[in-house]
Every structure is written in structure tokens, then in C-alpha cells.
Amino acid sequence: MVWKFPRVDIDSFDDELTIRPDNRFSNNLADLALLGFLKTVAKINKYAHILEYSRNEAMLERIPNYKVNMGFGLHVGWGIEGAIGSPYKIDASYLSPNVNISARLEAATRQYGVSILISGELQEILNETFQDITRLIDIVTVKGSAVPMKFYTVNLKLD
Amino acid sequence: MTSSAKKSLRSEAKKDLKTKIYNDIITTEYLLKEDDDIMKMMNEHKSNEPEFKREYLSAFKKYISGEWEEAILIFRKCRELNPEDGPVRTLIHYVESHN
């Protein structure tokens with residue numbers, strides 16, 4: 001999933017195309033991105049047709065205590081948008097180191113046993129209410145990056 | 001109602017909400033607080049209780065500043081307060097495997 005910031009909110013003086021942290025609209029957009037995934041996690045835990053999988057006998061036989069469990073990684077940064085594929089199959093896709101970081105965050109949700117991981121860069125541009133519900137759980141140097149990255153999560157009780 | 005009619009209704013509602021947020025008529029804070037499912041999931045999480053938060057914060061500070069021996073003692077206390085906490089379990093495991 002991609003949320004695009006308005007061009008005027010992007011500070012392009014440095015090479016990294018950062019979001020101005022004082023911009024209300026961008027703060028709201030960041031909030032909404034997080035809210036969208038909070039809602040997704042809540043719905044996965046609520047909808048009967050998803051909960052049904054954890055009662056599927058064939059599934060339980062292969063994987064004891066099976067339940068649908070999804071992890072989400074959220075990050076902010078530049079990306080190259082374009083059509084990827086061949087004349088037979090075209091996909092809109094995004095390529096950049098930042099996209100890769102999101103994927104790594106997503107993979108790391110398993111390691112930390114959380115539903116959502118948010119990068120420090122994204123956490124910084126959230127509005128205060130949303131910053132208040134985040135919890136710093138680690139500071140790590142990820143492959144391909146020289147600066148340590150903060151990992152935040154939101155505590156969500158799964159049934 | 002046809003699915004395309006439903007779709008355009010949804011996209012109208014989305015546009016409307018976007019305008020309201022843009023003009024500060026609705027805040028993102030309101031959208032969060034009015035979502036009972038999310039609020040319930042946060043309120044029921046034991047790691048959101050004040051005692052856990054306090055202990056966790058002091059343990060985490062020590063962990064980051066490199067005082068791991070002290071950090072792990074407090075992290076273990078956090079684990080007692082909420083044995084299901086994923087991050088605490090991961091950090092305890094990490095510190096133990098590097099000592």
C-alpha cells in the first residue's frame with residue numbers, strides 16, 4: 001500500500017526527499033496510514049469468515065493452534081513508481097531502498113511477536129495522539145543502512 | 001444496489017471524509033478514538049498498563065545505554081507482568097544469547 005504526500009510537503013533540499021515534520025496535512029496522512037492498518041488488524045480478529053480458519057480441522061491437523069495472523073511494516077520515503085512487467089502482464093509497482101525497508105519491517109514483526117512495526121522516520125511525522133500510542137521496542141542497524149533505525153509498535157491484544 | 005453503485009457511494013464517502021480531515025472538521029484523533037475495536041484491543045493489552053510501561057521504559061533505557069545486566073533484570077520483571085509480551089521476550093532472548 002502506498003500513500004502519496006503532496007509535492008509541496010516534500011523537502012527536497014537533501015538527497016533523501018524528507019517530509020516536513022511541521023506539515024499538518026502530511027501528519028494527518030501518516031496518521032491515516034497507521035489507522036488503516038490498525039483497522040485491518042482489528043478486522044482480522046473480528047470477522048467470522050476469517051476466524052473460521054482457526055476452526056478448520058484439516059488446517060488444525062497440519063498446524064496446531066492455527067490462526068490467521070498478519071504482520072505489517074510501515075515506513076516513509078521516496079520510491080520510483082512505474083509499470084513493471086511485459087505486454088501480457090503489467091503491474092504498478094514501487095522500487096526503492098525505502099520499499100525494501102518496509103518489507104524488512106514486515107518480516108521483523110514475526111521476530112518481535114507484534115502485528116505492526118513502524119520506522120522511526122514515520123513515527124516522527126505522526127500527530128501527537130498517534131505518537132502516544134506507539135512504543136519503542138528496538139534500535140537496530142538494518143542491512144544497507146548506516147544509521148540505526150528505531151522500531152516502534154502499537155500494543156494490540158489479539159484474541 | 002449494484003456493486004458499481006455501491007463502489008461510487010463508497011468513493012463519495014471517502015472523498016467527503018478526506019475533505020473534512022483536510023479542513024480540520026474531523027481529526028484523525030477522533031477517527032482513532034471512535035473505533036471501538038481498536039480501542040478495545042489497546043485497552044486489553046497488559047503492556048499498556050502503567051506499571052508495565054514504567055518498568056519497560058526503565059529497562060529499555062538501560063538496554064540502549066549498554067547496561068545489559070541491569071536491563072535484563074527489569075525485562076524479566078516485565079515478562080512476569082505480561083508473559084505474552086512479544087518485544088520483551090525477544091529482547092530477553094537477544095540479551096541472554098549475547099552474554
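Is the crossing of helix 4 of chain B and helix 5 of chain B left-handed or right-handed? I found that this crossing is left-handed, and I keep in mind that the model is predicted.

I then looked up the geometry of the pair: helix 4 (residues 50–64) of chain B packs against helix 5 (residues 68–81) of chain B at an angle of about 155°, and their axes are 8 Å apart. Because angles over 145 degrees count as roughly antiparallel, helix 4 of chain B is roughly antiparallel to helix 5 of chain B.

For the residues in this contact I noted, among them, Phe52(B), Tyr56(B) and Tyr63(B) in helix 4 of chain B, and Trp68(B), Ile74(B) and Leu81(B) in helix 5 of chain B. I read the contact's composition as 10 nonpolar, 1 polar and 5 charged residues.

Next I turned to the two chains, where 24 residues of chain A are in contact with 21 residues of chain B. On the chain A side, helix 1 gives the most, with 8 residues, and that side divides into 13 nonpolar, 7 polar and 4 charged residues.

Last I looked up the sheet in chain A, which is open, has 4 strands in the order 3-6-8-7 and shows mixed pairing. Its edge strands are strand 3 (72–74) and strand 7 of chain A. Strand 6 (residues 116–119) and strand 8 (residues 149–154) of chain A run antiparallel and are joined by 2 bridges. I also noted that helix 1 of chain A lies across strand 3, strand 6 and strand 8 of chain A, at about 175° to strand 3.

Terms used:
Residues are numbered from 1 along each chain as its sequence is written. Chains are lettered from A and ligands numbered from 1 in the order in which they are written. This is a predicted model: local features need pLDDT of at least 70, side-chain atom pairs count only at pLDDT 80 or more; totals for chains, interfaces and linings use all residues. Axes are lines fitted to C-alpha atoms, for helices over the stretch in contact, and angles run from 0 to 180 degrees between N-to-C directions. Angles under 35 degrees count as roughly parallel, over 145 as roughly antiparallel, 65 to 115 as roughly perpendicular and the rest as oblique. A crossing is left-handed if the near helix is turned anticlockwise from the far one by less than a right angle, and right-handed if clockwise. Two residues are in contact if their C-beta atoms, placed from the backbone, lie within 7 Å. Ala, Val, Leu, Ile, Met, Phe, Trp, Tyr, Cys and Pro count as nonpolar, Asp, Glu, Lys and Arg as charged, and the others, Gly among them, as polar. Two strands pair if DSSP finds at least two bridges between them.
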